[in-house]
Amino acid sequence: MSPIVKLLAQRIALSLLLLLLISAVIFAGTIVLPGDVAQSILGQSATPEALANLRAELGVNDPPVERYFSWLFGAIQGDLGTALTSGQDIAEALSNRFWNTLFLAFWAAVVAVPLAIFLGLLAVRYKDRWPDKLISAVTLASISIPEFLIGYVLMYFIAVKLRWFPSVAMINDSMSLLDKLSAIALPVAVLTLVVLAHMMRMTRAAILNVMQSAYIETAELKGLNAFQVIFRHAFPNAIAPIVNVVMLNLAYLVVGVVVIEVVFVYPGMGQYLVDHVSKRDVPVVQACGLIFAAVYIGLNMIADIVAILSNPRLRHPK
Amino acid sequence: MNRHIQYLASQAVAGKLSRREFLGKAAALGFTAVSANLVLANSARAAGPQTGGTLRMGLQGGSTTDSLDPALVTNTAGLMITRLWGETLVELAEDGGIEGKLAESYEASADAKTWTFKLRPGVTYSNGQNVTADDVVKTMERHSGEDTKSGALGIMRGIKDVRADGDTVVFELDSPNADLPYLLADYHLIIQPGGGVDDPAAAIGTGPYIIKSADMGVRVVAEKNPNYWGDLGYAETVEIIVINDDTARVAALQSGQVDVIDRVPPRTAKLVDRAPNITVHSTSAAGHYVFIMHCNTAPFDNNDLRMALKYGINRQEMVDKILNGYGTVGNDTPINASYPMYTELEQRTFDPDKAMHHLKKSGHDGSILLRTSDNSFPGAPDAAALFQQSLSSAGIKLDVKREPNDGYWSEVWNNKPFCTSYWGGRPTQDQMFTTAYLSTADWNDTRFNNEQFDQMLIAARGELDVAKRTQMYADMSTILRDEGGLICPMFNDFVEATGDRVDGFVAGMPGQVLMNGYAASKMWVKA
């Protein structure tokens, strides 16, 4: 086996192990939550018999370890159980919302990532001159303002005053792709503003770091212009840290957009999770936790793999 | 002049004059904004509802954990959705009385213990089945069964037996209750085929609309029921979108994405109303914000001290500053004009001299501790500060202690002797008094114990003579006002807003949210 395949296999195995550990943590965390699930479902009118019946039905009387493994094996086979509050199949209800969340995250990434990298390169090219300072000032300002406020401001000017795009980002299956894109234009804009600064600054810093190297000086001395130096020599060597920060932000776009979902009434996973946490619907909370963990670990794994592939020293270890 | 304003109104309805221009011209003729708006609304109604189009509502309070099962409805979005597809036996009429829905008529026995409801003939569900008396019986059983989770369980408790008799349904009660029709108008008690036992969330009913797609807590779409028996439902399609964020809801209305929204925040309602394409409606309601004293705990066990505090509160100031004018002053009774059989009592006003007089008589010395929290009602800490100021002008020292939101309802309310709280009103006086002022009530949060009051409550329940009952409730309100532990400075309005694409909103039905939940089927989209 070539060393690279071995390295990748190791990396993936580690990620799976980590996910397994996290599943145990999620399960343990949700069972030590205060409050009895049966009590919170039945509410004030609960009689002792009804509570006992419901507990037996929910299986909370079984030992936790046994419950954990039956939950885990179910989850591996795609069976996440049923929601306590509505009796719906969780996997079915979640898949729709998960795709919505991915849809929003995908388009936000399509706009934000190239823009951030381009702005980063631009900032390096004009380092310490006005374009650099302007880009830094604008992106830092947008990351410093709370995202809901950016949302409200855009909503007021673009949806209410100019009426270019809707303020309610409601999407459903009967809409065409163009309708959907128009509906999510505002949340995508807000998310872009929120994640832009982080990625842009990292790109700028990583490339500037590389720019100090001797081979950059060589490239300059052999007569390449500044953009060529950055693209051909500096950027490839700065990919690993840039991919890392991009992946972190993509993960944020998937798991951290609850506020944006509420403000723009977007039917994604965040709103779904919050509603069920407040009703103590534990199976749904566990399922959401597991999916969020998988997304986080998966994206970080991709970042690591890209870092390995892009680095000759990691690719050909001695 | 009257002809002139009618002419202007018809111009406005026809779209030749904007609402703002109309109001301006009406003001020039000496009409107040309120009466001019009324003329406009009447003209719009005279022009007649238009059919077709899509009516879109943006509502607060829905959640993804909601169900279509009417027994489990707890919020406004759920109420509006239920009203689309289902109907109750009877319903509150716009004049505060009762009108038949699925029951064509009803009658009570002389002792108000046996009630007979005659079903409307020939009504079918959206699945084609006929509505039968048996369905009604099964529905009532489902909401009152031992393992039911129905929100109507509390009001079903006094019903001993329900039986079908041909096309009538007979209710037997444990004790006389003249309010049964009001109780059966509860929105949970939607008549479903087979009582909804097999599939409670199927949303099959007799309503003016049929649910086409339901993503609870997100969006529900309904289309006109072609076989609806009545004359409600003008729009071809109704779309209900849940928008829980206040700012987002207002923005959705402003940008024309929805036509109707509920719960406009009072702080911004006047600003919202200034927008040219939006009208804000305010409906007086039964919900109220309160300061509650335990009548059995010192120093509040002294009625003179209670009176001193009641005279020391500035009710109008609270309505102006806490509700921004979107409300009405209270009179230390939980009952206001939105209840049927209401009698207006002499209004108690801020009077520092009387407060001082009662304080002296009570012999109390020293300060009084009031507990409050942010979640006890919107603006409660501010209201407590206003109370502190108005009392100090009467020489009474009030200490305000701010409690954490978390645990307020379990640790402070109905536990500590003096605190801020709120009540959401009930459909009838009997319900309100039984819930919180009967000496044995679970939620007797003022520890009010008055034998005469208790006896009158039971007697009024069985009294079918409306005039006598009205007098009894007036007397009970008077007892509460002059002896109770309730300081009720204000009733909060429902503040709702509509866009200029739709018409037909009537804010005239007191005490009810969004035209008692019928906004979707009583409003129309302008052609």
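## A salt bridge in chain A

The side chains of A:Lys127 and A:Asp128 form a salt bridge, with N and O 3.2 Å apart. The model described here is predicted. A:Lys127 counts as partly exposed, because its relative accessibility is 40%. A:Asp128 is also partly exposed, at a relative accessible area of 47%.

In general, side chains of opposite charge can pair when their charged atoms come close. Over all chains, the structure holds 27 salt bridges.

## Buried salt bridges in chain B

B:Arg142 and B:Asp69 meet through their side chains in a salt bridge of 2.9 Å, N to O. This pair links distant parts of the chain, 73 residues apart: B:Arg142 belongs to helix H5 of chain B, while B:Asp69 sits in the loop between strand S1 (54-59) and helix H4 (76-85) of chain B. B:Arg142 has a relative accessibility of 17% and therefore counts as buried. B:Asp69 is buried as well, with a relative accessible area of 7%.

A further salt bridge joins the side chains of B:Asp332 and B:Arg348 at 2.8 Å, N to O. B:Asp332 and B:Arg348 both lie in the loop between strand S14 (327-329) and helix H12 (352-362) of chain B, so the pair ties together parts that are 16 residues apart in sequence. Both residues, B:Asp332 and B:Arg348, are buried. They belong to one network, in which salt bridges that share partners join B:Arg315, B:Asp332, B:Arg348, B:Arg481 and B:Asp482.

## An open sheet in chain B

Chain B contains an open sheet of 4 strands, arranged in the order S4-S5-S7-S6 with antiparallel pairing. Strand S4 (103-108) and strand S6 (159-165) of chain B are at the edges; each has a single partner strand, so one side of each is left without a neighbour in the sheet. From one strand to the next, the twist averages 20°.

S4(B) and strand S5 (residues 114-119) of chain B run antiparallel and are joined by 5 bridges. B:Tyr106 has B:Phe117 in S5(B) as its bridge partner.

Helix H5 (residues 133-144) of chain B lies across S5, S6 and strand S7 (168-173) of chain B. The helix runs at about 160° to S6(B). B:Arg142, described above for its salt bridge to B:Asp69, is in helix H5 of chain B.

## A nonpolar surface patch in chain A

On the surface of chain A, a nonpolar patch is formed by A:Ile145, A:Phe148, A:Leu149, A:Val153, A:Tyr156, A:Phe157 and A:Val259. Together these residues have about 580 Å² of accessible area. Helix H7 (residues 147-161) of chain A supplies the largest share of the patch, 5 residues.

One of the patch residues is A:Val153, which lies in helix H7 of chain A. With a relative accessible area of 40%, A:Val153 is partly exposed.

## A buried alanine in chain A

A:Ala197 is part of helix H9 (residues 185-211) of chain A. A:Ala197 has a relative accessible area of 1% and is therefore buried.

Leaving aside residues up to four places away in sequence, A:Ala197 touches A:Thr139, A:Leu140 and A:Ile143. The C-alpha atoms of A:Ala197 and A:Ile143 are separated by 6.2 Å, although the two residues are 54 residues apart along the chain.

Key: Residues numbered from 1 in each chain as written. Chains lettered and ligands numbered in written order. Predicted model: local features only at pLDDT ≥ 70, side-chain atom pairs only at ≥ 80, totals over all residues. Heavy atoms only, no water. Pairing = 2+ DSSP bridges. Helix = DSSP H or I, 4+ residues; strand = E, 2+ residues; numbered from the N terminus. Axes fitted to C-alpha atoms, helices over the stretch in contact; angles between N-to-C directions. Contact = heavy atoms within 4.5 Å. Patch = residues over 30% accessible without salt bridge, like charges linked within 9 Å, V, L, I, M, F, W, Y side chains within 5 Å. Areas by Shrake-Rupley, 256 points an atom, 1.4 Å probe, with all protein chains shown as cover. Salt bridge = Lys/Arg side-chain N within 4 Å of Asp/Glu carboxyl O. Buried < 20%, exposed > 50% of the residue type's maximum accessible area, 1.4 Å probe, protein only.
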